[in-house]
Amino acid sequence: MEQKLQVSHHKLGTSDLKMLIQLIRVYEEAFEMKNFKLPGTSYLQSLLEKDHIIFYVALLDNQVIGGLTAHTIPSVYFESSEIY
């Protein structure tokens, strides 16, 4: 019998520094970032604490296999924010 893979997703919060680092490593490989140097952990932690940056990860067996980074910015078209 074939076993189905269970992929889940998780929005990162302030206690998810390890997952953010895993996500950045996925980006590094996917975007072929040569000579990439990971920012310091205090800087990365500060990103997790910002309301205008959103990180989601895709997980397989509790390992990050993908994700996205979104930024909210004020809109010039209406009185709200937009996500990019």
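Helix α1 spans residues 17-30 in this predicted model. Its 14 residues reach 20 Å from the first C-alpha to the last, close to the 20 Å expected at 1.5 Å a residue.

Let's look at which residues of α1 are tucked away. Leu17, Leu20, Leu23, Ile24 and Tyr27 are buried. Viewed down the helix axis, the buried residues of α1 fall within an arc of 115 degrees, so they line one face of the helix.

What do the buried residues of α1 pack against? Their partners are α2 (41-48), β2 (53-60) and β3 (63-74).

The axes of α1 and α2 are 10 Å apart, and the two helices pack at an angle of about 105 degrees. Angles of 65 to 115 degrees count as roughly perpendicular, so α1 is roughly perpendicular to α2. On the α1 side, the contact is made by Leu17, Leu20, Ile21 and Ile24, while α2 brings Thr41, Leu44, Gln45 and Leu48.

Now follow the chain past the end of the helix. Phenylalanine 31 has 60% relative accessibility and therefore counts as exposed. The model has 1 aromatic pair. The ring centres of tyrosine 27 and phenylalanine 31 are 5.9 Å apart and their planes stand at 50 degrees, so this pair is tilted. Glutamate 32, which follows α1, has a positive phi, near 45 degrees.

Notes. Residues numbered from 1 in each chain as written. Predicted model: local features only at pLDDT ≥ 70, side-chain atom pairs only at ≥ 80, totals over all residues. Heavy atoms only, no water. Phe/Tyr/Trp six-rings, centres within 6.5 Å; stacked < 30°, edge-to-face > 60°. Buried < 20%, exposed > 50% of the residue type's maximum accessible area, 1.4 Å probe, protein only. Helix = DSSP H or I, 4+ residues; strand = E, 2+ residues; numbered from the N terminus. Expected span 1.5 Å × (residues − 1). Arc of directions from axis to C-beta. Contact = heavy atoms within 4.5 Å. Axes fitted to C-alpha atoms, helices over the stretch in contact; angles between N-to-C directions. Parallel < 35°, antiparallel > 145°, perpendicular 65-115°, else oblique.
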